Amino acid sequence: MADNYERYKAIVIGTGQGGKPLATALANAGWKTAIIEQLYVGGSCINYGCTPTKTMIASARIAHLARRAADYGVQVPSVRVDMTAVRKRKDAVVKSWRESGRKGLERLEHADLIFGKAHFTGPHRVEVVLNEGGTLRLEADTIVINAGAEPAIPDIPGLSGIQALDSTSIMELDEIPDHLIVIGGGYIGLEFGQMFRRFGSRVSIVQRGGQLLSREDADVAEEVRKILEADGIDVNLNSEPRRVEYLSQKEFRITLRSSEGEKKLTGSHLLLAVGRKPATAELNLSAAGIETDKRGYIRINDKLETSVGGVYAIGDVKPGPAFTHISYDDFRVLRTNLLENRNADIRGRLVPYTVFIDPQLGRVGVTEKEAGTQGRNIRVAKLPMAHVARAIETGETRGFMKAVVDAGSGQVLGCAILGVEGGEIMAILQMAMMGKVPYPAIKEAIFAHPTLAESLNNLFFTLE
């Protein structure tokens, strides 16, 4: 130990979906490992993202189905949502996962779990301000940064005058907003918007761009808009927030500017869902010589190594897709290279994702628009969910299936499945892409009847 720095073989900053399994793998391999967590084990996914939001979305879906009960010949006298009970259910699920993760790390023989705020004091040195008081100084040749991301705050005049919500604080409400205004038409804004509409709120979504879900094909985004509007959500496209005015404790006004002129919306609650930013501001990366881009993301190479040798960045703190499964794949890359002395990298990996609106949007591979930009010779298969037997039987006919295939080889290049369990159907086509299975083989495959997967036969029959 030099200069009061305790020596470890590895330091992992953050216990998200990449940091926790990596720390576990290193410790189990006999590496003396320090694991630093600021507050809760599990990272954004378990504590603020996937786990709590999808738990609450499940509650909202039950409320939605209860209101639709008569469509299935079932009489439900009335539907009342108890937000306190919804929140407590969410808290219980989160606590279970969080405590399980913490106990697992604490049981590791070669690891120390440390709760506090970490910052760099040199290329391979870290100081931790402990939550319980005091500081620790640590050093290691291998350091992994898994500090995650946090909600971004847009610059809107007057915003500081009201108590706006973000994707974390909105899940702590014990009341149903009278009128929730959502700034942002990405997956976070849409998931919360539909959720609270189903809980009973009036909901308005404000999107600067000309379509929701800006990275998707226009036909997919337009179908999503129609679905949300059919649910009673007010969607405002090409609308830029110009100012926010505080009217009373439970009321504010937001002024929007669009091609049609000014529009004013009055709401009770405001959700800011314009994206997330990397949690790097307090890491003192400059002391270590770790380079970032202009937005604060840590620059990495294809092996997740930063500008400082032996220091790596994984998960949402680096550029690229901010998904839990990508963070977990980052862990697999580092485990392979650090413990197996192999040469894995992140190039060319498929990035699947699901937007958990209802119906779900499952996506993987290239979009039709991207294929056109790349100059690919493609064919596009498309099938309305209203033509899917299982969807008809279950009364879930909104949306469509869409697949992009190479015109020459017949290989599936990507898909967008906007429909009931769209994420699960997308995964089937992802496996076909991984296995280089051409679409004719899927078209002629035997799938169990009646399942949603069976509809892939008919999807690709549209190319005949």
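Trainee: What share of the residues of the protein chain counts as buried?

Mentor: Buried means under 20% relative accessible area, exposed over 50%, and partly exposed in between, with a 1.4 Å probe and protein chains only; of the 464 residues here, 50% count as buried. This is a predicted model, in which local features need pLDDT of at least 70 and side-chain atom pairs count only at pLDDT 80 or more, while totals for chains, interfaces and linings use all residues. Residues are numbered from 1 along each chain as its sequence is written, and side-chain values use heavy atoms, with hydrogens and water left out.

Trainee: What radius of gyration does the protein chain have, and what would a compact globule have?

Mentor: The radius is taken over C-alpha atoms, and the globule rule is 2.2 Å times the number of residues to the power 0.38. For 464 residues a compact globule would come near 23 Å, and the 24 Å of the protein chain agrees with that. Along its principal axes, the C-alpha trace spans about 70 × 60 × 45 Å.

Trainee: Which order do the strands of the open sheet have?

Mentor: Helices (H or I, at least four residues) and strands (E, at least two) are DSSP runs numbered from the N terminus, and two strands pair if DSSP finds at least two bridges between them. The open sheet of 8 strands has the order β1-β6-β5-β4-β3-β2-β7-β17, with mixed pairing. Because β1 (6-7) and β17 (311-313) stand at the edges with a single partner strand each, one side of each lacks a neighbour in the sheet. Between β1 and β6 (residues 135-139), which run parallel, there are 2 bridges, and R7 has E139 in β6 as its bridge partner.
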